[in-house]
Amino acid sequence: MPGRILGFDFPSPLLRPVPEKKRSASSVRSDDSRPDSMEHLRRPHFGKSHSHDKKDKDGRRESSLSRQAARHIKLDMVVESPPVLFLDSPQHSSGSLFSGRMQLVVTGAAPAAIKSFNLIFRAITSTKRPVGDHCKDCASKTTDLKEWNFLDNNAELSTGNHDFPFSYLIPGHLPTTAHGHIGSIDYKLFARAETVNGEVAEYIRPVVINRAIRPGNDKNSVRIFPPTNLTLNVTLPSVIHPIGDFPVYARMSGITTKKEDTQIRWRLRKLTWRIEEQEKFVSPACPKHMAKVGGEGRGIQHEHTRDIGSDDLKSGWKTDFADGQLEGEFTASIDSGLKPQCDVDSPSGLKINHVMVLELVIAEEWAPNKKPNQATPTGAARVLRTQFNINVTERSGMGIAWEDEQPPLYEDIPASPPSYRIEINDYDGSELNEDVDQLRLS
Ligand SMILES: [Zn+2]
């Protein structure tokens, strides 16, 4: 949406010079050359476009043209369908029905002759990183998904309210509304009516599309950390919601290595979890800036990663050195205050996905087999780091009941570990050494 990306509020009328930064951003030209004077800023159409962008409390905009003269027509909309929620994945969703009534009100005493009256359901993909600096054609791409032509041919409407019902089965494969750091996907209904006298009334209404993937069996994942004998099993819900917490079960085996008289074992000292939101956007180029990306159909990929939830845990698990394993369950959640985005993978270039990163700080200790409780830290410590893909999606209406009734199933553990990233690093944090000292004293 170029208005948001390139929008600056101009005082009207302009009394003082605009700083260099704002001046270049305000250029309505789509090439890189800058105007030599600020004359273009003083043109009255800027004042008009400013008022044109003013929203009323419902987020709708009305044409500045219709304000100039006495109004004879105005537009409104009544939405009759519930909020748009796709169920299941883009491949399997049956979509969602949007229905409502467009209203054209003839406010004058005389009938109005309507030259045209139409409504468009439009998808808008926009980016804060356009290929051409400040180029609104690079920054935003629109696709008209559906159009209704209600009136044409100078149809005459009497004074009063006229309803025009419409409905649209929004296809379930469409990407959902998303507002990332680099790219955004928005949907809007644009209505426009024009009288034979040239009076124009416009109406814009955003439509938010959400998706809910229904929860299935919990996901079990196995990670091994060669050359150690450590194996980590983690159980996560199949879907995670932007609001609310979720359980994470972790079990690590192979923590004890016994020799004839002594044993070496790993003690878990700290567990850190982090939820990463990873965004990729391929910025397309407008025809004017196509040379910058090497031709049609190409773009420049931008990436942005941020943490949307994390915590450090220093206790809460059970360690059984005789059995050689430890286990525990903790609660994780996404910080809903950070405006988390749901997963989206759009053919128009925006992809947002999420991973849960686990870091386990383990410290090595030595003990005689006869007195396993008299352990001595060897001073060696490691950080085990691994990550798991998670699906972040809106709740479906039935989600909670379904989750409560579905017991976790453990049969879909893969025979061999899938490809994944693990890391083992030496740990030299002072924090841990302080803990070790305290343990020795007690
Ligand atoms: Zn461009």
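This is a predicted model: local features need pLDDT of at least 70, side-chain atom pairs count only at pLDDT 80 or more; totals for chains, interfaces and linings use all residues.
Reader: Okay, and is Thr393 buried or exposed?
Author: Thr393 is buried, because its relative accessible area is 4%, and the cut-off for buried is under 20%.

Reader: Which residues does Thr393 touch, then?
Author: Leaving aside residues up to four places away in sequence, Thr393 touches Arg211, Ala212, Ile213, Val239, Ile240, His241, Pro242 and Cys342.

Reader: Switching topic: what coordinates the zinc ion?
Author: The zinc ion is coordinated by the SG atoms of Cys135, Cys138 and Cys286 together with ND1 of His289, at 2.1 to 2.3 Å.

Reader: And is the site of the zinc ion tetrahedral or irregular?
Author: The site is tetrahedral, with angles of 102 to 115 degrees among the 4 donor atoms.

Reader: How are those donor residues spaced in sequence?
Author: Their spacing reads C-x2-C-x147-C-x2-H, and of the cysteines, both Cys135 and Cys138 are buried.

Reader: Now the aromatics, how many aromatic pairs does a search of the whole structure find?
Author: The search finds 8 aromatic pairs, and one of them is formed by Phe117 and Phe164, an edge-to-face pair with 5.1 Å centre to centre and 85 degrees between the planes.

Reader: Where in the chain are Phe117 and Phe164?
Author: Phe117 is in strand β4, residues 112-127, and Phe164 is in strand β6, residues 160-170, so that this pair, whose members are 47 residues apart, links distant parts of the chain.

Reader: Why does Phe164 count as buried?
Author: Phe164 counts as buried because its relative accessibility is 12%, under the 20% cut-off, and Phe117 also counts as buried, at 0%.

Reader: Which residues form one aromatic cluster?
Author: The cluster is formed by Phe98, Phe121, Trp148, Phe166, Tyr168 and Tyr187.

Reader: Last one: which residue lies over the face of Phe190?
Author: Arg122 lies over that face, at 4.7 Å from the ring centre, and elsewhere the charged end of Arg265 sits over the ring of Phe321, 4.0 Å from its centre.

Methods
Residues are numbered from 1 along each chain as its sequence is written. Side-chain values use heavy atoms; hydrogens and water are left out. Donors are N, O and S atoms within 2.8 Å of the metal (3.2 Å for Na, K and Ca); water is not among the atoms, so sites may look incomplete. Four donors count as tetrahedral if all angles lie between 85 and 135 degrees; four count as square planar and six as octahedral if opposite donors are over 155 degrees apart and all others between 65 and 115; anything else is irregular. Buried means under 20% relative accessible area, exposed over 50%, partly exposed in between (1.4 Å probe, protein chains only). Contact means heavy atoms within 4.5 Å. Rings of Phe, Tyr and Trp (its six-membered ring) pair if their centres lie within 6.5 Å; planes under 30 degrees apart count as stacked, over 60 as edge-to-face and the rest as tilted. Helices (H or I, at least four residues) and strands (E, at least two) are DSSP runs, numbered from the N terminus. A charge sits over a ring if NZ of Lys or CZ of Arg is within 6 Å of the ring centre and within 35 degrees of the ring normal.
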